[in-house]
Amino acid sequence: MIRLSDNRHDALHEAERHNAELDQWYAQGLADKGPKPGSVSALIVRYLLDDAYTKLADRTKRDYRQHLELIRDWAGDKPTKAVTRPAVQAFRRGMADKKWRANSILRTLRVLLQFAVDEGEIDQNPAAKFRQFYTPPRQALWSHEQEERFLAMANTMGRPSMVLAYALGVYTAQRSGDVVNLAWSAYDGQALKIRQGKTKKLLEIPLFSALKILLDTSPRTSTQILVSEATDKPYSEHHFRHTFARVMKEAGIEGLRYHDLRRTAVVRLAEAGATVPWITAITGHATDECEKIIETYMPRTRRMAEEAVKLMESYYRRQQ
């Protein structure tokens with residue numbers, strides 16, 4: 001195990017270098033097994049060494065490696081040209097008991113076979129436009145009552161880092177990976193500058209007063225904002241998810257997870273009267289994705305209609 005630098009900037013570069021070395025080692029390990037030329041295994045080796053893969057985000061590469069292992073187990077010795085559409089269909093049906101995972105693996109297979117098309121190894125992608133399993137959209141939202149229970153339990157357990165983590169989630173609507181990696185250098189006293197790991201979007205998010213108070217009163221013992229009380233070190237993503245889930249369990253909260261705060265934030269902002277462009281400036285969502293969340297979860301109530309009439313009345317008065 002290699003310890004990274006305590007300086008976040010240096011640690012990020014070291015982590016990127018180590019991850020690149022891991023990818024190289026993994027690909028070389030497959031290559032050393034002597035895959036047959038023209039086989040799916042040989043294709044996987046070439047893909048892992050190509051910038052089509054190496055430039056992906058670390059989380060995406062980790063998922064792809066897991067999926068590629070399963071694809072190699074399924075068809076590694078077969079010629080790539082033998083992976084036909086009926087073969088992909090059979091592969092898909094064999095994973096029908098785990099629909100979410102099957103869809104993820106099929107997406108990776110589609111990427112791999114498109115790489116084969118681009119390399120001139122096959123003429124068409126047999127996994128292109130493939131019908132995926134229907135999986136119902138996740139619909140969980142945090143209620144204010146659940147929020148109060150979680151925060152109270154985090155304080156009872158001596159976990160102020162979880163109180164701050166919750167506030168960062170519900171007030172900035174960012175993914176857990178971005179929250180865990182958030183450094184104090186991103187905070188200027190009024191706003192947070194966040195470069196999203198998944199989309200690479202740079203967001204500048206003005207702070208809600210409750211979040212500003214928490215940040216201003218939190219000790220700065222590390223380059224990163226969230227520090228574990230158990231280790232006095234920044235959280236890893238795994239440790240963060242485990243700790244957050246433990247507080248939820250102690251608070252008697254089931255069926256929710258940290259990522260649901262992102263959806264919850266969108267709905268609360270919309271209920272407060274924020275427009276879709278305003279919301280996406282905070283969350284980084286694509287406009288159509290944000291609209292879909294609002295369409296699904298926003299109740300059409302009398303109160304909302306009354307607020308709309310008030311806005312229109314104000315508009316008409318200004319025109320007179």
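A residue is called buried under 20% relative accessible area, exposed over 50%, and partly exposed in between, using a 1.4 Å probe and protein chains only. By that scale K212 is partly exposed, with a relative accessible area of 25%. The structure is a predicted model, in which local features need pLDDT of at least 70 and side-chain atom pairs count only at pLDDT 80 or more, while totals for chains, interfaces and linings use all residues. Residues are numbered from 1 along each chain as its sequence is written, and side-chain values use heavy atoms, with hydrogens and water left out.

**Overall content**

- The protein has 15 helices and two strands; these are DSSP runs numbered from the N terminus, with helices being H or I of at least four residues and strands being E of at least two.
- Of the 320 residues in the protein, 41% are buried.
- Contact means heavy atoms within 4.5 Å. Among contacts between residues at least 6 apart in sequence, 65% join residues at least 24 apart.

**The strand pair**

- Strand 1 (residues 191-195) and strand 2 (residues 202-206) run antiparallel and are joined by five bridges; two strands pair if DSSP finds at least two bridges between them.
- The two strands form a hairpin with six residues between them. In the turn, K200 has a positive phi of about 70 degrees.
- Across the pair, L192 stands opposite I205, and A191 stands opposite P206.
- Side chains alternate along strand 2: L203 and I205 point to one face and are buried.

**Helix 8 with helix 10**

- Two packed helices are described by the angle between their axes and the distance between the axes. Axes are lines fitted to C-alpha atoms, for helices over the stretch in contact, and angles run from 0 to 180 degrees between N-to-C directions.
- The axes of helix 8 (residues 160-172) and helix 10 (residues 209-217) come within 10 Å and cross at roughly 145 degrees.
- The crossing of helix 8 with helix 10 is left-handed; left-handed means that the near helix is turned anticlockwise from the far one by less than a right angle, and right-handed means clockwise.
- From helix 8, V163, L164, A167, L168, Y171 and T172 meet A210, L211, L214 and L215 of helix 10.
- By class, this contact has nine nonpolar residues, one polar and no charged. Ala, Val, Leu, Ile, Met, Phe, Trp, Tyr, Cys and Pro count as nonpolar, Asp, Glu, Lys and Arg as charged, and the others, Gly among them, as polar.

**Helix 12 with helix 13**

- Helix 12 (residues 260-271) and helix 13 (residues 276-283) pack at an angle of about 150 degrees, with their axes 10 Å apart.
- The crossing of helix 12 and helix 13 is right-handed.
- R262, V266, L269 and A270 in helix 12 meet I279, I282 and T283 in helix 13.
- The residues of this contact divide into five nonpolar, one polar and one charged.

**Salt bridges**

- The whole structure holds 10 salt bridges, each a side-chain nitrogen of Lys or Arg within 4 Å of a carboxyl oxygen of Asp or Glu.
- D216 and K212 form one, with the closest N and O atoms 3.0 Å apart. Both lie in helix 10, four residues apart, about one turn of the helix. D216 is partly exposed at 44% relative accessibility.
- E69 and R72 form another, with the closest N and O atoms 3.2 Å apart. This pair lies in helix 4 (residues 58-75), three residues apart, about one turn of the helix. E69 is partly exposed because its relative accessible area is 25%.
- K55 is bridged to D51, with the closest N and O atoms 3.9 Å apart. K55 counts as exposed at 68% relative accessibility, whereas D51 counts as partly exposed at 43%.
- R46, E119 and E121 are linked in a network of salt bridges.

- W184 lies in the loop between helix 9 (176-180) and strand 1.
- W184 is buried, with a relative accessible area of 6%.
- Not counting residues up to four places away in sequence, W184 touches L215, S218, P219, R220, S222, T223, Q224 and I225.
- W184 and T223 are 39 residues apart along the chain, and their C-alpha atoms are separated by 5.9 Å.
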